[in-house]
Amino acid sequence: MSGSQSTVIDHIVLLKVRPDVTKDDMKRLIDGVNSLNAIPGVITITVGSTFVEEWMADRRDGITHSLSCRLESKDALKEYQDHPLHVRVKAECIAPILAAPPVAIDYESAVVLGEEQRADK
């Protein structure tokens, strides 16, 4: 990758949430995941329900929610994984509501800004 481009680590988690989960359980999931932005090295974190529009093929394979965390580096990912807040959120907010084990992937990529973001700089 070019030295002039910054790179980031993206940590993506796909979740199959049980159908009997309550609104309070979902609020706990969202609040818990959003609290992870306090971990050093986290740039952004998002969580949300998956969806399919009428013009889209349904390729979710039972995946109901997705979490995306952008981190500064591989070292930041290691710190994130081991951080007590992350461990607690996984144990208390995520694991209890899952119908199946989560699928998680991590990758490194160059940051490429869209036209509007480049214009703002």
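1. Start with S109, which sits in strand 4. Is S109 buried or exposed? With a relative accessibility of 17%, S109 counts as buried, because the cut-off for that label is under 20%.

2. V103 comes out as partly exposed, because its relative accessibility is 43%. Together with I105 and Y107, V103 makes a nonpolar surface patch of about 270 Å².

3. Now for helix 3 (residues 84-94). Its buried residues are L85, H86, V89, C93 and I94. They sit on the same side of helix 3, because the arc they cover around the axis is only 95 degrees. As for what lies over these buried residues, the cover includes strand 1 (7-15) and helix 1 (23-35), and also strand 3 (65-71) and helix 2 (74-82).

4. A word on confidence. The chain has a mean pLDDT of 91, with 90% of its residues at 70 or more. Helix 3 is where confidence is highest, at a mean of 98. Where is confidence lowest in the chain? That would be helix 4 (residues 115-120), with a mean of 60. Where pLDDT is low, the predicted coordinates should not be read in detail.

Technical notes. Residues are numbered from 1 along each chain as its sequence is written. This is a predicted model: local features need pLDDT of at least 70, side-chain atom pairs count only at pLDDT 80 or more; totals for chains, interfaces and linings use all residues. Side-chain values use heavy atoms; hydrogens and water are left out. Patches are made of residues with over 30% relative accessible area and no salt bridge: like charges are joined within 9 Å, nonpolar side chains (Val, Leu, Ile, Met, Phe, Trp, Tyr) within 5 Å. Accessible areas come from the Shrake-Rupley method with a 1.4 Å probe; for residues, only the protein chains shown count as cover. A salt bridge is a side-chain nitrogen of Lys or Arg within 4 Å of a carboxyl oxygen of Asp or Glu. Buried means under 20% relative accessible area, exposed over 50%, partly exposed in between (1.4 Å probe, protein chains only). pLDDT is the predictor's confidence in each residue, from 0 to 100. Helices (H or I, at least four residues) and strands (E, at least two) are DSSP runs, numbered from the N terminus. The arc is that of the directions from the helix axis to the C-beta atoms. Contact means heavy atoms within 4.5 Å.
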